[in-house]
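Subject: Handover of a structure

Dear colleague,

Please find below the structure that I am handing over to you.

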Amino acid sequence: MAADMRLPNIRKLVSLSLSAGDRRDLVVPGDVITSDSGFMRGHGTYVDEEKLTASVAGEVQRVDKLICVRPLKTRFNGEVGDVVVGRITEVQQKRWKVETNSRLDSILLLSSVNLPGGELRRRSAEDELTMREYLLEGDLISAEVQSVFSDGALSLHTRSLKYGKLGQGVLVQISPSLIKRQKTHFHNLPCGASIILGNNGFVWLYPTPGQQDEEAGGFYTSLEPISLSDREVISRLRNCLLALSAHKVLVFDTSVLYCYESSLQHQVKDILKPEVMEEIVMLTQQKLIEQEG
Amino acid sequence: MATVQVSEAEKVYILHGIRDDLRVDGRGCEDYRHMEIETDVVSNTDGSAKVSLGHTAVLVGIKAEIGKPRPMAPNEGYLEFFVDCSANATPEFEGRGGEELGKELSNTLYKVFNNKHSVDLKKLCISKGEHCWVLYVDVLLLQCDGNLYDAMSVAIKAALFSTKIPKVHISNDEEGGKEIELSDDPFDCMRLDVENVPCIVTLCKVGHRHVVDATLQEKACSVASLIISVTHKGTVTCVRKMGGGSLDPESIFEMTETGKRVGKALHVPLMKLLQQEESLGTRQKVGFLG
Amino acid sequence: MSSFRCFVLCGNMAGLELLSDQGYRLDGRKASELRKVQARMGVFAQADGSAYLEQGNTKALAVVYGPHEMRGSRSRTLHDRAVINCQYSMATFSMSERKRRPHGDRKSTEMSLHLKQTFEAAVMTQLYPRSQIDIYVKILQSDGGNYSVCVNAATLAVIDAGIPMLDYVCASTVGFVDETPLADLCYAEESGGVSSLALALLPRGGQIALLQMDARLHQDNLEALMDAAMTACKGVSKVLDQVVRQHLQEASLATGD
């Protein structure tokens, strides 16, 4: 039995150093970004009296003529091709509703999933009746954004063997803006577990599967007990992810792995203590800088 | 109750983990999450405390008011409990959504804390049968991440510890009536002895084992739970079974034993912390700015 | 002139002199001086956005959930913009006298409505059709100017949630005594019979999001009072601006980009 009780710490105020205090790329709502009319208005901006103005607090990003402001924390703003992890909230006729941390529930059409049997076949009325056999309320899935509806809701698909229903593992929810965009969001980490970094901030940790059972079409989940050593790795990764997110460090395979390595001298349950979090995040950042430089 | 959805496979994962004494966040079955406690955070009260346990956060404010003793106990004061499940904790509690849970929680707290074995109620009496102190213990639920009872009981104990009730002077006026005068001096006050105030330990039965300080996900896998209030000596003062499922007598016995052990151990760091904070004197409060 | 005499009478009845001959107020502030504002963004991890703000002895917590799918009755869904849903409540221990209910009384319902109106004017709801944004504010300790403190706290929470707004919304409660406007009233002044005015402002454009006054005041004095309120709001906006920028930098230092 262990109970760790303490007084809250007084927050250390980061003094606004001159170099940082003058950063032009950090804006708050109402800040004018530019009055040059040659730019295009992206997310997080609006035009007021011909001036491009920020509507959220965050960092300005320019891509050619397009100006966006990326807030520190926000709901998921999905784009076609994004990998997401989501939870089924409702089974409707011919479609599932999926919670993906977006501003509206996402939709998975019956016609956008691979049904067992493999090949693309017509969805029959019988399939509609047995939808619950594939995916139930509460089930987790990994999927890809297929298209975006006019009201902003996302339409998902799982038509690839890497997508589908998720089995045993742990879900960690962090802010979508902390997920770094990469070529692949599926990683088998060398520490002995696998990770799906959903663009929507839902991260799925699971034991690295032996060989893929291709016949099941992604709807079969093993309920066999997982070994204790695998569990420990997954729990450690989970706590590391929370530590990274608490300190707003970008999450991608390398940062997760460095954080995991930095945490090894601590017990898994101690990682979430504030001073340990701070220490391992600092070590992680050092390693990241070393690797870059 | 704020509820979370958990898929079947996740449940199996959590269940097997608890069987192996390694929970999802790395804790063993009898480990608590990180807890932060601070007293005297709201100045309009006579005593207050803020407790956070994992992501669960509660704020307790105690106000002492003069009232009339209950007819059954003319020489005792009493405590009143109110739990505000505010919409801040989860949108489910908006409007009247939190009322039912609030009533359930406050009734249990009343049963656990309002008796002479927990608090010296006689000390709250001002004049027999006429006036007594009524302590209004108001619990405000700010964030909900499982294990509300334990967090609330710790917060209540801490708030009772910090409660300062002004001293009263009773004088007889000419017509034979009594006049109550409150002391203006903030240091001329009465403190409560919180030694016997119990802490609540909630044990959740998950699979064949039980865990303390369950998260919402673990709670979703549990069929039933047992709340046990334990004093610093390890005396059990109240046991209640919560939740829809059933427990067999044997496991209730086991859980009570665990509860006793864990509850007893909970008091030591808590009292140490409260005294430490007191000895620091008027340091700058962190409150919500921390 | 009649209204002027009226509040002098009230002030005298309460036995308090709200503005001394030297020009100091009950708590020692000058007429246009604001109370100390301290705030923090991102207090809670579970909500989409949260903030804590104290202005003198008035303390408030604001939490934002959303934008998310409509909850409960779908009939309230708007097809061209998001619904803003506010709830104002007070902790039962927030005032010197204990409150029996945290919300649901007439004053809280009115306050919720005012908050809703204020934020509908500032949040760019048209970006989120068919969604809902919840703003919940809780007064933990009340010492006057509750509406303003709530608005200021909620502004920070909305920014923390990354929801687009035209500008900050800043609010202040001002009063009028001895021909002098007083900025940022405290409870003693509010209850001392001052004719008070609450104003929410989008400071950069000078747009007014909410204006409320239920006391008597001579028309000639209204302009002076409004000016004082706008100045006070701009003062508040400077403090909020610092809080947000500090928060941004702390976070972006960590991200390292």
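**Helix packing in chain C**

In this predicted model, the axes of helix 2 (residues 106-122) of chain C and helix 3 of chain C cross at roughly 45° and come within 11 Å; axes are lines fitted to C-alpha atoms, for helices over the stretch in contact, and angles run from 0 to 180 degrees between N-to-C directions. Helix 2 of chain C is therefore oblique to helix 3 of chain C (under 35 degrees counts as roughly parallel, over 145 as roughly antiparallel, 65 to 115 as roughly perpendicular and the rest as oblique). The crossing of these two helices of chain C is right-handed, that is, the near helix is turned clockwise from the far one by less than a right angle. From helix 2 of chain C, C:Met111, C:His114, C:Leu115, C:Thr118 and C:Phe119 meet C:Tyr147, C:Cys150, C:Val151 and C:Ala154 of helix 3 of chain C. This contact has seven nonpolar, two polar and no charged residues (Ala, Val, Leu, Ile, Met, Phe, Trp, Tyr, Cys and Pro count as nonpolar, Asp, Glu, Lys and Arg as charged, and the others, Gly among them, as polar).

Helices (H or I, at least four residues) and strands (E, at least two) are DSSP runs, numbered from the N terminus. Residues are in contact if their C-beta atoms, placed from the backbone, lie within 7 Å.

**Contact between chains C and A**

Chain C gives 32 residues to the contact and chain A gives 27 residues. On the side of chain C that touches chain A, strand 3 (58-69), helix 3 (146-160) and helix 5 (219-255) of chain C each give two or more residues. Helix 5 of chain C supplies the largest share of that side, 12 residues.

**Chain A**

Chain A has six helices and 18 strands. Of its 293 residues, 44% count as buried (20 or more other C-beta atoms within 10 Å of the residue's own, C-beta atoms being placed from the backbone).

**Notes on numbering and confidence**

Residues are numbered from 1 along each chain as its sequence is written, while chains are lettered from A and ligands numbered from 1 in the order in which they are written. Local features need pLDDT of at least 70 and side-chain atom pairs count only at pLDDT 80 or more, whereas totals for chains, interfaces and linings use all residues.

With kind regards

Technical notes. Contact = placed C-beta atoms within 7 Å. Buried ≥ 20, exposed ≤ 12 C-beta atoms within 10 Å, placed from the backbone.
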